[in-house]
Amino acid sequence: VADYPELMDINWTLAALGADSGRADFVHLNSVDYNAGLDQIVLSSQVHSEIWIIDHSTSTLEAASHTGGTYGKGGDFLYRYGNPQVYQRGTALDQTLWRQHDANWIPNNYPGGGGIMIFNNGLDRNPGYSEIDIIDPPQSSPGIYTLDAGLAYGPTTKTWNYQADNQTDFYSFFISGARRLSNGNTMI
């Protein structure tokens with residue numbers, strides 16, 4: 001999978017990290033958000049501690065292949081972020097998401113528009129604490145995500161982040177969400 005990070009390793013489980021072995025819900029998608037301007041969908045996989053972006057325009061036939069759709073990738077991931085261990089391009093030190101929820105695109109006309117907001121729960125992080133992250137995936141043009149050979153998907157820094165002054169004072173190990181409001185405030 002390190003050679004094909006646009007694909008999902010269906011054999012990867014949390015057992016690889018020593019946690020939650022034997023879960024029947026091996027993907028646990030907990031949010032789906034649609035970006036009409038890009039015709040893309042962002043998914044949040046709680047078990048993988050990753051978000052994935054796929055091409056909404058892809059037909060069922062194209063989704064079974066590696067070609068087709070507006071972005072020419074068929075059913076492959078256009079982008080992924082959060083846990084490069086899952087696709088063998090990083091270690092625990094490179095992980096940025098821990099069992100997150102509610103990945104959603106910020107509307108273009110809002111402050112931070114076009115970014116992706118994520119409630120980063122922090123489950124399995126030591127110590128456990130939650131934070132709200134906004135990332136701007138690296139793109140060469142709108143909806144075309146960049147990935148350097150042999151490296152993990154970026155970005156390496158967050159566009160915006162909220163966490164408590166004393167990190168462990170803000171912790172929700174499951175569910176939860178955050179949304180950017182039109183005035184620039186964030187509802188958690």
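What is the relative accessible area of tyrosine 171, and is this residue buried, exposed or partly exposed? Tyrosine 171 is partly exposed, at 37% (buried is under 20% relative accessible area, exposed over 50%, partly exposed in between; 1.4 Å probe, protein chains only). The model is predicted, with local features requiring pLDDT of at least 70 and side-chain atom pairs pLDDT 80 or more, while totals for chains, interfaces and linings use all residues. Residues are numbered from 1 along each chain as its sequence is written, and side-chain values use heavy atoms, leaving out hydrogens and water.

**View A. The ring pair of tyrosine 171 and phenylalanine 173.** The ring centres lie 6.3 Å apart with planes at 40 degrees, so the pair is tilted (rings of Phe, Tyr and Trp, the last by its six-membered ring, pair if their centres lie within 6.5 Å; planes under 30 degrees apart are stacked, over 60 edge-to-face, the rest tilted). Phenylalanine 173 is partly exposed, with a relative accessible area of 44%.

**View B. The ring pair of phenylalanine 119 and phenylalanine 170.** The centres are 5.8 Å apart and the planes at 65 degrees, so this pair is edge-to-face. Both residues are buried.

**View C. The largest nonpolar core.** Of its 17 residues, Ile51, Ile53, Tyr79 and Ile116 touch the most other members (a nonpolar core joins buried Ala, Val, Leu, Ile, Met, Phe, Trp, Tyr and Cys residues through side-chain atoms within 4.5 Å). A second, separate core of 8 residues includes Ile106, Ile132, Ile134 and Ala164.

**View D. An aromatic cluster.** Tyr79, Tyr87, Tyr145 and Tyr153 form one cluster.
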